[in-house]
Amino acid sequence: MAFLQSAPPRQPFLHAPASVLLLIAALILAHVARIAAPAPWPNEILTQFAFIPARYSAGSGGGSVLRLAMPFVSHMFLHANFVHLGINCVWLLAFGPIVARRYGTVLFLLFFAVCGVAGAATYLAFDWGSPSGVIGASGAISGLMAAGIRMYPWPGATPGRPMAPIFSPPVLLFTGIWFGTNLLFGIFGFGVGGEIQQIAWQAHLGGYFTGLISARWFEALSRRGARTPDVV
């Protein structure tokens with residue numbers, strides 16, 4: 001009888017790995033800490049920790065190795081406003097879990113960092129010497145998107161295959177859409193100009209293609225040791 005049947009288990013509000021939720025929390029806390037700091041620190045933090053290509057050009061006097069290396073990572077934890085932050089957090093929550101569950105916490109965070117650094121390096125290559133800086137985690141999240149697309153169990157996928165090949169139809173379709181969208185950003189100048197950019201299509205593409213290619217390498221690393229998903 002119906003009243004004797006046990007109730008189905010309740011699903012958690014956010015069925016996502018703890019590493020993804022903690023990363024989102026870190027992005028939020030970093031933004032709140034920056035905007036809550038007394039003047040002139042909110043703008044000074046952007047100047048010091050955004051990724052600015054001019055810092056790396058000859059004769060710029062960029063500073064120590066640590067000061068030059070830090071913006072490759074620190075720019076990911078800076079956002080212009082809560083809208084910019086919110087969009088990145090939503091995309092991170094959408095694509096982060098599939099990668100985090102597959103790789104485990106350490107490799108997931110390393111993958112995120114590698115894609116973000118690659119995005120900054122791509123931006124540097126396209127805008128060498130530019131005084132216009134870039135902030136935000138979208139380069140790293142673009143890499144998660146690429147990996148997530150390869151990991152998704154598409155209909156018709158061969159059973160037991162680690163992930164979809166780069167040249168499979170679903171991956172090619174999504175890559176073409178992502179490439180075309182960001183190419184429009186570049187053609188029409190979205191996110192270009194001013195001192196700090198929210199939309200850096202170069203960083204998006206750099207992070208995306210890094211994630212697309214390196215996903216298989218991280219897959220090999222993740223299979224070397226057992227891991228337990230940290231779902232909360």
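Q: How many helices and strands make up the secondary structure of the protein?
A: In this predicted model, the secondary structure comes to nine helices and two strands. Along the sequence the pattern is α-α-α-α-α-α-β-α-α-β-α.

Q: What share of the residues in the protein is buried?
A: Of the 232 residues, 43% are buried. The term applies to residues under 20% relative accessible area.

Q: What share of the contacts with a separation of 6 or more comes from residues 24 or more positions apart?
A: Such residues account for 81% of those contacts. A contact here requires heavy atoms within 4.5 Å.

Q: Which residues make the contact between H5 and H6?
A: H5 contributes Leu92, Gly96, Val99, Ala100 and Tyr103, while H6 contributes Thr105, Leu107, Phe108, Phe111 and Phe112. Eight of the residues in this contact are nonpolar, two are polar and none is charged. Gly counts as polar in this scheme and Tyr as nonpolar.

Q: Why is His84 counted as buried?
A: His84 has a relative accessibility of 8%. The cut-off is under 20%, so His84 counts as buried. The residue is in helix H5.

Q: What makes the pair of Ala80 and His84 a polar contact?
A: The backbone nitrogen of Ala80 lies 3.1 Å from a polar atom of the His84 side chain. A polar contact needs N or O atoms within 3.5 Å, and the distance of 3.1 Å meets that limit.

Q: How do you know that Phe218 is buried?
A: Phe218, found in helix H9 (residues 201-222), has a relative accessible area of 7%. That value is under 20%, so Phe218 is buried. Not counting residues up to four places away in sequence, Phe218 touches Tyr103, Leu107, Leu110, Phe111 and Val114.

Q: Where is Pro40, and what kind of peptide bond joins Ala39 and Pro40?
A: Pro40 is in the loop between helix H1 (18-36) and helix H2 (41-49). A cis peptide bond joins Ala39 and Pro40, with omega about 5°.

Methods
Residues numbered from 1 in each chain as written. Predicted model: local features only at pLDDT ≥ 70, side-chain atom pairs only at ≥ 80, totals over all residues. Heavy atoms only, no water. Helix = DSSP H or I, 4+ residues; strand = E, 2+ residues; numbered from the N terminus. Buried < 20%, exposed > 50% of the residue type's maximum accessible area, 1.4 Å probe, protein only. Polar contact = N/O pair within 3.5 Å; in protein donor to acceptor, adjacent residues only side chain to side chain.
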